[in-house]
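Here is a short report on the structure shown below. Please keep the view open while you read.

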Amino acid sequence: MFQGLTVFETAYAMAVHAGQKQAVVAQNVANADTPGYVARDLPSFKDIYAPAESSRVVARATREGHMHGHTSDARTLMETDNSFASPDGNSVSIDAEMLRATDAKRQHDRSLAIYRSALSVLRSSLGRQ
Amino acid sequence: MSEFSKALSISTSGLQAQASRLRHLSENISNADTPGYRRKMIPFDTRMQNGVSQVEVGRMTLDDRPLERVFDPAHPMADATGHYEGSNVELLIELADAREAQRSYEANLKMFEQARQMSSGLMQLLRR
């Protein structure tokens, strides 16, 4: 019963994604003054998440990369729109990065809240407070 | 290396780069009236380390624009025409650059703080 609880897996994958996103944003901000640096971004969690095999009809992955999503290597970096690049070729916009960072923080908080609440449901089902 | 420690190390490299930029700027500003002083410039570069691209400060170069010629016959270094060579520092450029460095420093600091908050939020899950 306690194996492969989907809500925990989803919350975990969401938190991992938020952490990766935060790292990418930090990299962009740190390189905000590096000439020729192209800003990067991760696809949104909604687009890359595929629920684990336990919760749906199972199709077995016979090769690495057949089923994306839960193999935790979902960080295909994509380059952001660089039509606003400054003359030195740097396309980082600090304000856009701040927006993304706030997104990442909120996503992370949300996933932790879900995890915590699911944990308390689990605890009360065990008769503990 | 977890994502948070990656984020923290990247932000730290950004903070160091901006701090070193600010140090060179203040050297330039304080030597704005030194005769023969050439403005120092440092390039920023991206360096891959442990799979993350950190910022690296490259070799310092001197600005080779011509030095400003100041007319002051009473100056000990004045030549036959009464001119001496001042520095090629322009205060306005340095101040604008310093403001940009400050802005980037604060942005990096904010990213550092946020990564720290996220990881401590994770630790709160264990605390019960």
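## Chain A

From the N terminus on, chain A runs α-β-α-β-α. That gives three helices and two strands. Helices (H or I, at least four residues) and strands (E, at least two) are DSSP runs, numbered from the N terminus. This is a predicted model: local features need pLDDT of at least 70, side-chain atom pairs count only at pLDDT 80 or more, and totals for chains, interfaces and linings use all residues. Residues are numbered from 1 along each chain as its sequence is written, while chains are lettered from A and ligands numbered from 1 in the order in which they are written.

Chain A has 129 residues, and 27% of them are buried. A residue is buried if 20 or more other C-beta atoms lie within 10 Å of its own, exposed if 12 or fewer, and partly exposed in between, with C-beta atoms placed from the backbone. Take the contacts in chain A between residues at least 6 apart in sequence: 77% join residues at least 24 apart. Two residues are in contact if their C-beta atoms, placed from the backbone, lie within 7 Å.

## A helix in chain B

Helix α2 of chain B covers residues 91–126, 36 residues in total. From first C-alpha to last, α2(B) reaches 53 Å, close to the 52 Å expected at 1.5 Å a residue. The expected span is 1.5 Å times one less than the number of residues.

Buried residues of α2(B) include A101(B), S104(B), N108(B), F112(B) and M118(B). What covers the buried residues of α2(B)? The cover includes α1 (6–30) and α3 (94–125) of chain A, together with α1 (3–30) of chain B.

## Where the chains touch

The contact takes 23 residues from chain A and 25 residues from chain B. On the side of chain A, α1 and α3 each supply at least two residues. The largest share, nine residues, comes from α1(A).

## A hairpin in chain B

Strands β2 (residues 44–49) and β3 (residues 52–57) of chain B run antiparallel, joined by six bridges. Two strands pair if DSSP finds at least two bridges between them. Q49(B) stands opposite V52(B) in β3(B). Two residues lie between the strands of this hairpin, and N50(B) takes a positive phi near 55°.

## Confidence

Chain B has a mean pLDDT of 91, and 98% of its residues reach 70 or more. pLDDT is the predictor's confidence in each residue, from 0 to 100. For the complex, the predictor gives an ipTM of 0.83 and a pTM of 0.80.
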